Amino acid sequence: MFRFQLKANSRRLFNASHQIRSVSKKVRSSKVIGIDLGTTNSAVAVLEGNKPKILENQNGDRTTPSIVAFTKEGDVLVGTAAKRQSIINHENTFYATKRLIGRKYNDDEVQKDIQRLPYKVVEHANGDAWLQTTIAQGLSYSPAQIGGFILREMKRVAELQLAEEVKNAVITVPAYFNDSQRQATKKAGELVGLNVVRVINEPTAASLAYGIGGKDKNNGIVAVYDLGGGTFDISILDIEDGVFEVRSTNGDTHLGGEDLDNILVEFILKRFQMKTGIDLRQDKIAVQRIRQAAEKAKIELSHVKSTTIDLPFITKTESISIPLTEEELDNMSADLIERTILPVRKALKDADLKVQDIDEVILVGGMTRMPKIRNTVENFFGIKPTTQVNPDEAVALGAAIQGAVLSGEVKDVLLLDVTPLTLGIETYGGMFSPLLPRNSTVPCRVTQMYSTAVDGQSSIDINVYQGERPLVQDNILIGKFKLTDIPPLPKGTPQIEVMFDVDADGILKVSARDKQTGKKSSITVFGKGGLTDEEVKRLVDESKQTTEQDQVKLNFLKLVNNLELIVFDTEQALKEIESFVDTTQADTLKRKLITVKKMIDDARKGDLLDQDLIKAAQEELQEEALQVIQKAAERSKAQRKAKD
Ligand SMILES: Nc1ncnc2c1ncn2[C@@H]1O[C@H](COP(=O)(O)OP(=O)(O)OP(=O)(O)O)[C@@H](O)[C@H]1O
């Protein structure tokens, strides 16, 4: 056993050097991949020839679960591997984290999610919602970092398929994502070394997937109804000879398949409690098993009329077996489906269109496979929705097309996206002064003149808000900064020019300039409230540093785990060969083992953090053990010879 361990270690070393060699051989690709970073599943695609193509992962799957897990051994698992162990390692398996990206810990939606999540959500120093593991004294990660692990995996999938290094990507976000959610998604890509050439809206991407190759056929007004795992989006587009103009967009960033799963989980828990009197809500493992079974039943009921949710031995003595029909599921989901219709109406109104003006309806997102949803959409629009592109794949395929447009591979397509919410600033008395109405085509820029409200006022606070309400208290504060050194003048005299500049990713930069002095101040809105450019930079740098620190901690943990394994192997080997070992030698080795075990203990408690000490202890122990084993082997051979 011990010898095997030595060999296994040397094999690992060989693999590492082999990997280094194969990476250095890679060619960097000018291709731009398209990544759909989904709440439940992610997909990656690239343009091949003139057609976008989904790149399959190592298991041959066209989508990869958006799940990241950290194991006690210090490994980071992504996708199916993470999903497979989620029940036994629920505290360190993070799913649906897109629902938390760019959100504050105190956000109502976050607080609601926390009740149901089997992992820990904590408040980071900057007020954001972060995820905490139970590993290495509670390593924590931002949802953007978790997104980063998923993006890195999608990059790897693409690199394996294309056999070249990929650097550039278009990443999609729900159309209704606000500024900080977009920024956080972009940062997730940058943290793992991706050059995020564009962030585009999911429904817009999906429409591109339908439009390409048959653009004459698809001219007209298109509604994209996108219901995925965590978000609902509706976009109305005007497609004309390769120009995709988004007329309006609306939605709910916290409405999707996960919510229906939650309703089903609650239904199962109640049924079980009624039957047995047992409340399983605190049993995270049981809840996790129920969640997986609920989603499975929901998916089955898109193809069959009835099913049974079977969970043997959910407690030591009780099992779950609940029959469920499609009709029952339809009734349970009625409110949720109805909630999607209001944003659809709003989007139509904003686009100044009636239901009858829609030429085509595209269904996107796994949840639109549910017959009840298809019927609801069909009844609302009065036309049968188009489903020729796989609803789980359309977004990634469209992102790949946009990638090809940006790299110059595709020339006859132009995407004109819009801002999802009205953007403006606070004026006297808490009034909201809109500068850019929602559904403004991006990129765009607007300037407006403001003045002081008080005689002699020497500075102005520029508070930037996003929302549709006339009072700022009802909208979302997405950033603020100060313009100072305004010469003291009677109120209303200074001319302050405020400029809003939204780039093609939908990210906003605001600046203010005193026309008399030329003094200027600006921010790129980060959604974190009151941050200057320097503070934003510091935060980004800090987050990079934390990633590195976390990696160092994980590497250290791996070393300690490995040393523990060697201690175990040595003890086993010593037991097996004890009769052939010289007592003095055996005692020395046992003493060494005690010292090393103490070191492992100290390392686990955080009292010993020196990697080199751990490495040295491992080498010494292995060397000493090898000598003992060799001597014992010689003795055993000599004894056998003597007997013969
Ligand atoms: N056949 C089906 N019937 C019903 N629901 C389904 C079916 N297939 C998948 N789903 C559900 O669709 C959701 C996942 O859809 P999809 O992969 O499009 O979402 P996503 O891209 O991860 O999420 P989002 O767009 O919200 O970020 C899950 O809730 C899943 O349970």
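Helices H13 and H14 are roughly antiparallel to each other. In this predicted model, H13 covers residues 583-605 and H14 covers residues 611-643. Their axes come within 11 Å and cross at roughly 155 degrees. That angle is over 145 degrees, so the pair counts as roughly antiparallel. The crossing of H13 past H14 is left-handed. On the H13 side, the meeting residues are Gln585, Leu589, Lys592, Val596, Met599 and Ala603. Across from them, H14 contributes Leu613, Ile614, Ala617, Leu621, Glu624, Ala625, Val628 and Lys631.

Another helix pair was examined in the same way. The axes of H4 (residues 143-162) and H5 (residues 179-191) come within 8 Å. They cross at roughly 50 degrees, and H4 and H5 are therefore oblique to each other. H4 passes H5 in a right-handed crossing. Pro143, Ala144, Gln145, Gly147, Gly148 and Leu151 make up the H4 side of the meeting. The H5 side consists of Ala184, Thr185, Lys187, Ala188, Gly189 and Leu191.

These helices belong to a protein chain with 14 helices and 27 strands. The chain has 644 residues, of which 41% count as buried. Among contacts with a separation of 6 or more, 68% come from residues 24 or more positions apart.

The largest nonpolar core holds 116 residues. Those with the most contacts inside this core are Ile35, Val44, Ala45, Ala396 and Ala400. Helix H11 (residues 394-407) supplies the largest share, nine residues. Domain 1 (6-255 + 339-416) and domain 3 (423-531) both give residues to this core, so the core lies between them. Leaving out residues up to four places away in sequence, Val44 touches Ile33, Gly34, Ile35, Leu55, Met154, Val157, Ala158 and Ala396. A second core of 18 residues is separate. Its members include Phe272, Leu280, Ala294 and Leu324.

Leu336 sits in helix H9 (residues 326-350). This residue counts as partly exposed, because it has 19 C-beta neighbours inside 10 Å, whereas a buried residue needs 20 or more. Leu336 and Leu260 are 76 residues apart in sequence. In space, their C-alpha atoms are 7.5 Å apart. Beyond neighbours within four places in sequence, Leu336 is in contact with Asp259 and Leu260.

Backbone geometry was considered next. Most residues other than glycine have a negative phi, and most peptide bonds are trans. The peptide bond from Val442 to Pro443 is cis, with omega near -5 degrees. Pro443 is placed in the loop between strand S21 (431-436) and strand S22 (444-450).

Positive phi values occur at Ala163 and at Phe313. For Ala163, phi is about 55 degrees, although this residue is not a glycine. Ala163 lies in the loop between H4 and strand S11 (165-173). With 10 C-beta neighbours inside 10 Å, Ala163 counts as exposed. Phe313 has a phi near 45 degrees. This residue is in the loop between strand S16 (306-311) and strand S17 (320-325). Phe313 is exposed, because 11 other C-beta atoms lie within 10 Å and the cut-off for exposure is 12 or fewer.

Technical notes:
Residues are numbered from 1 along each chain as its sequence is written. This is a predicted model: local features need pLDDT of at least 70, side-chain atom pairs count only at pLDDT 80 or more; totals for chains, interfaces and linings use all residues. A nonpolar core is a set of buried Ala, Val, Leu, Ile, Met, Phe, Trp, Tyr and Cys residues joined through C-beta atoms within 7 Å. Helices (H or I, at least four residues) and strands (E, at least two) are DSSP runs, numbered from the N terminus. Domain bounds come from an automatic or database domain assignment. Two residues are in contact if their C-beta atoms, placed from the backbone, lie within 7 Å. Axes are lines fitted to C-alpha atoms, for helices over the stretch in contact, and angles run from 0 to 180 degrees between N-to-C directions. Angles under 35 degrees count as roughly parallel, over 145 as roughly antiparallel, 65 to 115 as roughly perpendicular and the rest as oblique. A crossing is left-handed if the near helix is turned anticlockwise from the far one by less than a right angle, and right-handed if clockwise.
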